[in-house]
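Open your viewer and get ready to select a few residues at a time.

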There are 2 protein chains.
Amino acid sequence: MTRRPKRCVAAAALAFILTVAPSRLGRTEGQGSPLFGVTIPTGYRQWELIAPSHEAGFDELRVILGNDVAMRAYRDATLPFPDGTILVKLAWKHVPLAEIAGAFVPGRATTVQIMVKDSRRYVATGGWGFGRFINGEPADEAQHQTCFACHEANARAHDYVFTRFAP
Amino acid sequence: MTRRPKRCVAAAALAFILTVAPSRLGRTEGQGSPLFGVTIPTGYRQWELIAPSHEAGFDELRVILGNDVAMRAYRDATLPFPDGTILVKLAWKHVPLAEIAGAFVPGRATTVQIMVKDSRRYVATGGWGFGRFINGEPADEAQHQTCFACHEANARAHDYVFTRFAP
């Protein structure tokens, strides 16, 4: 069977793929988390910033990034977040910058933590699946049993999500 | 004069423009900074994360974002940064999260600070132009006179840029 290539469509599709797809399609890396089967989404490090945070209790600087579905929901103030929303929290040790007193910067990376919205799959946990990764490997089941209880107790009014958009 | 449209090129270009251009082209907003004429680049809030920081002296959480030229330079460890590099630092007050003891999140936005690399235009300041903005308006000339001296004294070995990529 032969097909005549539709070159214009192909050119447009290629331009799209080269510019957007590597960082935004829903591919994943590595092993899934216990209980939830959440995996690390490919290209998350290029996702858009929602907000930074500082966890003094863990001595960590953190940043929360979102995929396109997440960012649209934040910008439109959509609650609950739609299925397909993915939030990724990156964390590093909070270390002093040698040159400037009082300035702190990211040290060693500690965890990557992920929330995935799938209201059917994760019906028992507010529609959210959770994944906590250390050096790309999921943490144990005991750690994953604690995620939702804290989000439920403290962030229920914002669809179980702590992070607000930092303008 | 009539020209025959090159539809494939046009389709590819349109796909590129629709997907990338709104946030990444070099358009700017508002008034330029004193001394340097640096303006706020359109769409900078969608730029990619380089790193967060915490300035205890200013009681601020901060995030540094970069345009595509900047991110390529960081990923390839290119020094000095090439002309066209733009770095944007967003800053917010460092405020406690009511629900979690020891957690701090962005409060009121304070400043947006910009570094633009143009080795010919800014030859007297290491190739960098600086802009410090409060509510979208540039700070005064006196504040802009202090930028380079501090970067020169403390970050010369990294092309006058403090921020390192947080993996």
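This is a predicted model: local features need pLDDT of at least 70, side-chain atom pairs count only at pLDDT 80 or more; totals for chains, interfaces and linings use all residues.

**Stop 1**

The predictor gives the complex an ipTM of 0.83 and a pTM of 0.84. Now select chain A and colour it by pLDDT: the average is 88, and 83% of the residues score at least 70.

Next, switch to a cartoon view. Chain A has five helices and eight strands, and if you follow the sequence you will read the pattern α-α-β-β-β-β-α-β-β-β-β-α-α. Of its 167 residues, 37% are buried.

**Stop 2**

Select residues 1–5 of chain A, where pLDDT stays under 50 and the model has one contact beyond four places in sequence. Then select residues 11–26 of chain A. Here too pLDDT stays under 50, but the model has 24 contacts beyond four places in sequence for this stretch.

**Stop 3: strand β3 of chain A**

Select residues 48–55 of chain A, which form strand β3. Seven of the eight residues in β3(A) are buried, so the rest of the structure largely encloses this strand.

Together β3(A) and β4(A) make a hairpin with four residues between them. In that turn, click on Asp59(A), which has a positive phi of about 55°.

Now pick His54(A). Which residue of β4(A) stands opposite His54(A)? Leu61(A) does. Then bring in chain B and show strand β6, residues 103–117: two bridges join β3(A) to β6(B), and these strands run antiparallel. His54(A) has a bridge partner in β6(B) as well, namely Phe104(B).

**Stop 4: the nonpolar core**

In soluble globular proteins, nonpolar side chains tend to be buried together. In this model, the largest nonpolar core has 74 residues, and Leu65(A) and Leu65(B) touch the most other members. Select Leu65(A) and look around it. Leaving out residues up to four places away in sequence, Leu65(A) touches Tyr44(A), Trp47(A), Glu48(A), Leu49(A), Ile50(A), Val88(A) and, from chain B, Leu49(B).

**Stop 5: an exposed loop residue**

Find Arg120(A) in the loop between β6 (103–117) and β7 (128–134) of chain A. Is Arg120(A) buried or exposed? Arg120(A) is exposed, with 7 other C-beta atoms within 10 Å. Try the distance tool on Arg120(A) and Asp83(A): they are 37 residues apart in sequence and 8.9 Å apart in space, C-alpha to C-alpha.

**Stop 6: two helices of chain B**

Select helix α3 of chain B, residues 68–76, and highlight its buried residues Ala70(B), Ala73(B) and Tyr74(B). Looking down the axis of α3(B), you will see that they fall within an arc of 100°, so they line one face of the helix. Those buried residues pack against β3 (48–55), β4 (60–66) and β5 (86–96) of chain B. On the face turned away from the buried side, Arg75(B) and Asp76(B) are exposed. Just after α3(B), Ala77(B) takes a positive phi of about 55°.

Finally, move to helix α5 of chain B, residues 147–155, where Cys147(B), Phe148(B) and His151(B) are buried. Down the axis of α5(B), these residues fall within an arc of 80°, so they line one face of the helix. They pack against β7 (128–134) and α4 (141–144) of chain B. On the other side of α5(B), look for the exposed Ala149(B) and Ala153(B).

How values were computed: Residues are numbered from 1 along each chain as its sequence is written. Chains are lettered from A and ligands numbered from 1 in the order in which they are written. A nonpolar core is a set of buried Ala, Val, Leu, Ile, Met, Phe, Trp, Tyr and Cys residues joined through C-beta atoms within 7 Å. A residue is buried if 20 or more other C-beta atoms lie within 10 Å of its own, exposed if 12 or fewer, and partly exposed in between; C-beta atoms are placed from the backbone. Two residues are in contact if their C-beta atoms, placed from the backbone, lie within 7 Å. The arc is that of the directions from the helix axis to the C-beta atoms. Two strands pair if DSSP finds at least two bridges between them. pLDDT is the predictor's confidence in each residue, from 0 to 100.
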